[in-house]
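Hello,

Here is the structure I promised to pass on. Please have it open while you read, and my notes on what turned up follow just below.

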Amino acid sequence: MNTEVAKYRNYILRNYNNLPQLNALSDDEREAIGVVGQVLPFKTNNYVVEQLIDWNNVPNDPIYTLTFPRREMLSEENYKAVKELMDRNDEAGLKKKVFDIRMQLNPNPAGQESNVPSLEDIKLHGMQHKYRETVLFFPSQGQTCHAYCTFCFRWPQFSGMNELKFAMKEANLLHEYLLQHPNVTDVLFTGGDPLTAKTNIMAAYIEPMLTKEFSHIRNIRIGTKTLAYWPYRFLTDKDADDILRLFEKVRKAGKHLAFQAHFNHPVELSTDAVKNAIQRIKNTGTQIRTQSPLLRHINDRPQIWADMWEEQVSQGLIPYYMFVARDTGSKAFFEVPLERAWNVFREAYRSVSGICRTVRGPSMSANPGKVHILGISEVRGEKVFVLSFIQCRNPDLVGIPFYAKYDPHASWFDELEPAFGDKEFFFQRNNLLMTNGEEANYSWE
Ligand SMILES: *Cc1c(COP(=O)(O)O)cnc(C)c1O
Ligand code: SF4
């Protein structure tokens, strides 16, 4: 391989002004980075800046919008308030204002804190166990990313809000929990981006699970945006070969290893670096499944999705999920009404061959489960959204169609009401979300 060793350099609030590329911006756009960046997490890097962003197209370029703060990501009122405190050098006032704004922006959407499980009396803050078969694990060394997405719902983790930080150092607790839950088949490492952690850290979590006692763990999954933001992690970083060797070990132990790789736009699949990285990972026997939210200003056209799925399949990736963007952070800037989300999905889906149609969506990760928007229909003269659970706290409810009143403006599950004048959705009756099986020690709201 003739890839040069790439040295990772990041750009954050302190040093972004050194970027020569920013000459392509107006003064107002440059100011907006500094102001909005006080509230939303801001970090980008040399790969993103040099190889993904088209600087002839800023600020509208999708990858610029994905990592650089833009003025419209805050309300006009909040923008002005932050700017004024900065101009006055009022540090204490600024800190308080920033905290208040973050609290307005729903920093912990969909009740994620209610999914934290316990082991005896210890709350396992580095884990979430919401769906019977899959445990999410947040390695504390992976609570960052190679760059930050401006829409990210995990943003409190990067902003020093410790009480919201899901982080756990103790691999032992993870392993102990898995041993006590034989119905769990999947461990999904997530973050941040777990592949910001060094290989030896990942090995400490993963290798013990390759022994016989963990034979119930069939699938090890890694939720990561490293292919899109820093493919050199698998090419020329110091422990690049080591991480590939770790993947091989998992395969040799007979387990399925899968990336849940996060790609938002086809340009992220276009560089030599990402193409080489994908092939190296695939050569270890690892599957790469892909997912992304649907985001206005970034990927809200069917053609973008069709191109992205086709390119993924060409490179041997498996399209997996299209999500509706969560109701957090700068949601107002990124949101797409559910009706449009369904149309974008459908138009893209119908234009690609069956081999790309492994993808499912649009899906909302709401409190009861992953809610799939199957479509809009008319039942008994009423226009309705047809929905069903792809995943649910109670697995018995998966795949049962249910109906919400049509609402052209709704952009998240909370805004929907039951159809036909019903007071509740079917899963709200008789505590249906509770399971009565042996796994009933999940935590519920
Ligand atoms: C999406 C998700 C999973 C994984 O779901 P799959 O459909 O199996 O990919 C697991 N836990 C939580 C909390 C999730 O949101
Ligand atoms: S890579 Fe994932 S966790 Fe990191 S900022 Fe983007 S969406 Fe958030």
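Let me begin with P362, which lies in strand β12 (residues 360-365); strands here are DSSP runs of E with at least two residues, helices are runs of H or I with at least four, and both are numbered from the N terminus. The peptide bond leading from G361 into P362 is cis, with omega near -10°.

Before going further, a word on the basis: this is a predicted model, where local features need pLDDT of at least 70, side-chain atom pairs count only at pLDDT 80 or more, and totals for chains, interfaces and linings use all residues. Residues are numbered from 1 along each chain as its sequence is written, chains are lettered from A and ligands numbered from 1 in the order in which they are written, and side-chain values use heavy atoms, leaving out hydrogens and water.

G192 sits in the loop between β7 (186-189) and α7.

Most residues other than glycine have a negative phi. R380, in the loop between β13 (369-379) and β14 (382-392), has a positive phi of about 45°. F420, in the segment after β15 (402-405), has a positive phi near 60°. R380 is exposed, at 74% relative accessible area, while F420 is partly exposed at 24% (buried means under 20%, exposed over 50%, partly exposed in between, with a 1.4 Å probe and protein chains only).

On to the helices. α4 (residues 76-87) and α5 (residues 91-104) pack at about 160° with their axes 9 Å apart, so α4 is roughly antiparallel to α5. (Axes are lines fitted to C-alpha atoms over the stretch in contact, and angles run from 0 to 180 degrees between N-to-C directions; under 35 degrees is roughly parallel, over 145 roughly antiparallel, 65 to 115 roughly perpendicular and the rest oblique.) For α7 (residues 199-206) and α9 (residues 240-252) the angle is about 15°, with axes 9 Å apart, which makes α7 roughly parallel to α9.

Finally, the ligand and the cysteines. Of the eight residues around ligand 2, C145, C149, C152, K225 and H262 come nearest (near means a heavy atom within 4 Å). C145 is buried, at 14% relative accessible area, and C356 is buried at 3%. A search of the whole structure finds zero disulfides, meaning pairs of cysteine sulfur atoms within 2.5 Å.

Best wishes
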